[in-house]
Amino acid sequence: MSRDEVILYAEENGIATLTLNRPEALNALNKAVLEQLSVHLDNIKRNTDVKAVILTGSGDKAFSAGADIQYLNRATPLEVRDLAMLAVKVTNQIESLGKIVIAAINGFALGGGLELAESCALRIAVNEARLGHPEVRIGAVAGFGGTTRLPRLIGKGRAAELLLTGKALSAEEAYHFGLVNRIVAAESLLSEANELLQEILSHSPLAVNLTWEAIHRGGNLTLEESALLGADYFGLIASTEDFREGTKAFLEKTKPAFKGK
């Protein structure tokens, strides 16, 4: 492993694992981390062997403590904006990857680190995790997409409380807020993430990906437009072999054999 390898990549059984690899800095996000993450995401999008992704952090303390504060303190305003624009690009890549991404939160997920997790389809956290947006406590704003995604995930009122106070939530609080989907023991984090993805991947990949796209794209539309998008995708999926296989298996009370066609 190169000392400059700030993102670790592994692939097994159609699931890619991307690991933020700056444990000495609590996996803080800098330009190198975001650039390498962007390259990996581009490669994953083109790689038909990869069906889903787990995003996690190295070590047992942090998923990511957020943007690198040492860099922010000395950077010019334009450099700070460029870092934020790069982060927004990466979070958009995650959300529109065309493959389900799960954030396996192994510790602190703060600021920009939480914003990465918010762009994932699902979030699993260890019992010891702490999640929050402390940006206001250092005179900053959640500039990597948190002011947009967090309200959509947990509602405007709860999001406003977290963003305006900088309060960090325990894993249990984050679960009750709807910010994380499951809480697991640290030693089970990656196995639980894999198990959840395998459950998702047992269904038609076309139906899974269109469902996530409808959720993602529908959030940017009016209620009527979003419902119509769902209707369009329902009609589109009806043209596939998987739809015929799934409906036939239901009627015959057999297990469907989906082929992604």
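**Notebook: a buried Glu and its surroundings**

I started at Glu118, which lies in helix H4 (residues 112–118); helices are DSSP runs of H or I with at least four residues, and strands are E runs of at least two, numbered from the N terminus. I kept in mind that this is a predicted model, where local features need pLDDT of at least 70, side-chain atom pairs count only at pLDDT 80 or more, and totals for chains, interfaces and linings use all residues. Residues are numbered from 1 along each chain as its sequence is written, and side-chain values use heavy atoms, leaving out hydrogens and water.

Is Glu118 buried or exposed? I found Glu118 buried, meaning under 20% relative accessible area with a 1.4 Å probe, protein chains only (exposed is over 50%, partly exposed in between).

Next I looked up what Glu118 touches (heavy atoms within 4.5 Å). Leaving aside residues up to four places away in sequence, the contacts include His133, Arg149 and Leu179.

Then I moved to helix H5 (residues 146–154), whose buried residues are Gly146, Arg149, Leu150 and Ile154. They sit on the same side of H5 because they cover an arc of only 105° around the axis, taken from the directions from the helix axis to the C-beta atoms. Their cover includes H4 and helix H7 (171–177). Just after H5, I noted Gly155 with a positive phi of about 100°.

Notes: Lys, Arg positive; Asp, Glu negative; His and termini not counted. Salt bridge = Lys/Arg side-chain N within 4 Å of Asp/Glu carboxyl O.
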